[in-house]
Amino acid sequence: MSLYSDIIKKKEYIAIVGMGYVGLPIAIAFAKKTNVIGFDINNEKIRLYQNGCDQTRELGDEVIRNSNIVFTSDENDLGKAKFIIIAVPTPVNCNHIPDLSSVIYASEIVARNMVPGTIIVYESTVYPGCTEDKCIPILEAKSGLKYGIDFKVGYSPERINPGDKSHPLESIVKIVSGMDKDSLDEIDKIYSLVIEAGTYRVSNIKTAEAIKIAENSQRDINIAFMNELAIVFDKMGIDTNEVVDGMNTKWNALGFRPGLVGGHCIGVDPYYFIYEAERLGEHSQLILSGRKINDCMGDYVADIAVRKIVAAEKTLINIKIAILGITFKENCSDIRNSKVVDVYKKLERYGIKPVVCDPNAEFEATLEEYGIELTKLNEVKNMNCIIIAVAHDVFKNISLDSLKKLYCCCEDNEKILLDIKGIYSLEELEKSGLKYWRL
Ligand SMILES: NC(=O)c1ccc[n+]([C@@H]2O[C@H](COP(=O)([O-])OP(=O)(O)OC[C@H]3O[C@@H](n4cnc5c(N)ncnc54)[C@H](O)[C@@H]3O)[C@@H](O)[C@H]2O)c1
C-alpha cells in the first residue's frame with residue numbers, strides 16, 4: 001500500500017510546516033483532497049487562522065473558514081502526518097549571508113515528531129546542496145531514524161507569485177525531486193493531486209534546488225540590466241518604458257522593465273547562489289553585479305525626486321512628498337524587504353519626512369517593521385511631489401485629474417510626479433501638464 005493511496009483514502013495526513021504565503025495555499029489546495037494539518041510556531045497566526053482570518057490576504061477569510069485544515073502550533077500533531085512539507089522562511093542576514101535558522105529549527109521540530117515511513121519535502125528556497133548537507137543530517141540526528149530506510153526526503157521549489165490572481169498554485173508546473181525513485185514517484189503522485197498544470201520530475205534534489213535559484217537569479221539580472229539602461233537612458237533624455245515597448249515588438253524580446261527589486265525571493269535568492277559559489281571558491285561576478293545595481297535603485301529614485309524638486313526651484317524645507325505603495329510588489333500585502341523603504345529612508349536623510357499610503361499593507365505591521373505610520377489615501381493632500389512606487393490596482397484606477405487633487409495649490413507644471421512603474425502612458429502624462437518622470 002503506497003502513501004499516496006493512504007492519503008487519497010484519508011487514512012494519512014499531510015502536514016505543512018510554516019503557514020505563510022507559501023504554506024497556506026498548499027495547505028488549502030491539499031485540504032480539498034485529503035486531511036491536512038497546518039503547523040506554525042507563530043501562535044497568533046494559528047489563532048487567526050483558527051478564527052477564519054487570512055492574514056496573507058491571498059485567499060480570503062471565507063476560503064480559510066470553509067477549509068477543514070487542522071491549524072495547530074502543537075508540534076506533537078506532526079506525528080499524525082506521513083507526508084510533511086516544510087515551507088519556512090529563508091532570508092539573508094544584514095551581510096547577505098543565508099539565514100538558515102528557520103529551516104534548521106523546522107527540521108529539528110519535524111525530526112522530534114516524525115514516525116517511520118514519513119516523506120519530508122522541503123519547499124523553502126535554498127542553495128543547491130543545502131537540503132542534503134544541512135537538513136537531512138538534522139532529521140537523522142534528532143529523530144534517531146535512518147535516512148533512506150525509515151524516512152525519505154524530497155525537494156519541490158515553490159513558484160507562486162503572491163498578488164497574482166491569474167497564476168494560482170494549481171496552474172504552475174511543480175518541479176519535483178526525491179532521494180530515490182520510490183520517493184519521487186510518491187511525491188510526484190501526491191503533488192499531482194492538486195497541481196493541474198502537472199509536475200516536472202528532475203533526477204535529484206540538488207537540481208530541483210538549483211532550478212529555483214537559477215530562475216530567480218535570471219529575473220534579478222534581467223531587471224538589473226534594465227535598471228542600468230534606465231539610469232543612462234534618463235541622462236540621454238530617453239524614456240526606457242518606450243524603449244521596452246519597442247523592444248517587445250521583436251519575437252525574442254524578454255519584456256523586462258526597470259524597477260525596485262524587493263521581497264524575499266528575487267532580491268534574496270541570488271545571495272544564496274553567491275554564498276555557495278564563494279564557498280566553492282568561485283566569485284560570482286554577473287549575479288553579484290546585478291544585486292548591487294538593484295539594491296541601489298531606492299536611493300536612485302529618492303535622488304531623482306530631490307533633483308526634480310531643486311530643478312523646480314523649491315527648497316527641501318517643508319517640501320511635502322507622498323509615496324504611494326510600500327509593499328514589495330503590486331496587489332499584495334507583503335511589506336518584507338520592500339525597496340520602497342530605501343526611497344523613504346534616503347528622503348529622510350535629506351530631511352524630508354514623506355507621507356506613505358498603501359491600502360494593501362497592514363498599518364500595525366508597517367509601523368512595527370519600519371516605524372512608518374501609513375496615511376489613508378483620502379488624507380493625502382497638499383503635496384509637492386508624489387512618487388507612485390507600487391502599481392497596485394487601487395493606484396492604477398486613479399486618473400491623473402484625480403491625482404492632481406492630492407497636490408498643493410500650484411500650477412500643474414510645479415506638481416512633481418515620479419511614476420516608477422509607468423502606470424500612466426506617456427501621452428496621458430504629457431497631456432496632464434504635470435512635471436513627470438518615469439523610471
Ligand atoms: N512568498 C513567496 O512569494 C515565495 C515564493 C516562492 C518561494 N518562497 C520561499 O518559500 C519559503 C517560505 O516563504 P513565505 O513567503 O511563505 O514565508 P512566510 O514568512 O510568509 O511564512 C513562513 C511561516 O513559517 C513560520 N515558521 C518559521 N519558522 C518555523 C518553524 N521552525 N516551524 C514552523 N513554522 C515556522 C513563520 O511563523 C511563518 O508563518 C521561503 O523559503 C521563501 O523564499 C516564497
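Tutor: We will go through the ligand, then the cavity and a pocket. This is a predicted model, in which local features need pLDDT of at least 70 and side-chain atom pairs count only at pLDDT 80 or more, while totals for chains, interfaces and linings use all residues. Residues are numbered from 1 along each chain as its sequence is written, and side-chain values use heavy atoms, with hydrogens and water left out.

Student: How many residues surround the ligand?

Tutor: There are 28, and the closest are Val22, Asp40, Lys45, Thr90 and Arg336; a residue is near the ligand if one of its heavy atoms lies within 4 Å of it.

Student: Which polar side-chain atom lies 2.6 Å from an oxygen atom of the ligand?

Tutor: That atom belongs to Arg336, and an N or O atom in the side chain of Thr90 is 2.5 Å from an oxygen atom of the ligand. From Val88, a backbone N or O atom lies 3.4 Å from a ligand oxygen atom. A polar contact here is a pair of N or O atoms within 3.5 Å.

Student: Which helix gives the most to the shell?

Tutor: Helix α5, residues 101-113, gives the most, with four residues; helices are DSSP runs (H or I, at least four residues), numbered from the N terminus. At least three shell residues come from each of domain 1 (3-203) and domain 2 (206-294), with bounds from an automatic or database domain assignment.

Student: Changing topic, how many cavities of 30 Å³ or more are there?

Tutor: The structure holds one, and the largest cavity has about 30 Å³ of space. A cavity is a set of points on a 1 Å grid over the protein atoms alone where a 1.4 Å probe fits but cannot get out, whereas a pocket is an open set with protein on both sides within 12 Å along at least five of seven lines; lining residues have an atom within 4 Å of a point. Among the residues lining the largest cavity are Pro157, Glu158 and Arg159.

Student: What about the second largest pocket, what is its volume?

Tutor: Its volume is about 310 Å³, counted as the space filled by probe spheres set on the points. Of the 18 residues lining this pocket, Pro25, Glu58, Leu59, Pro168 and Leu169 lie nearest its centre.

How values were computed: A polar contact is a pair of N or O atoms within 3.5 Å; within protein, one must be able to donate a hydrogen and the other to accept it, and residues adjacent in sequence count only if both atoms are side-chain atoms. Helices (H or I, at least four residues) and strands (E, at least two) are DSSP runs, numbered from the N terminus.
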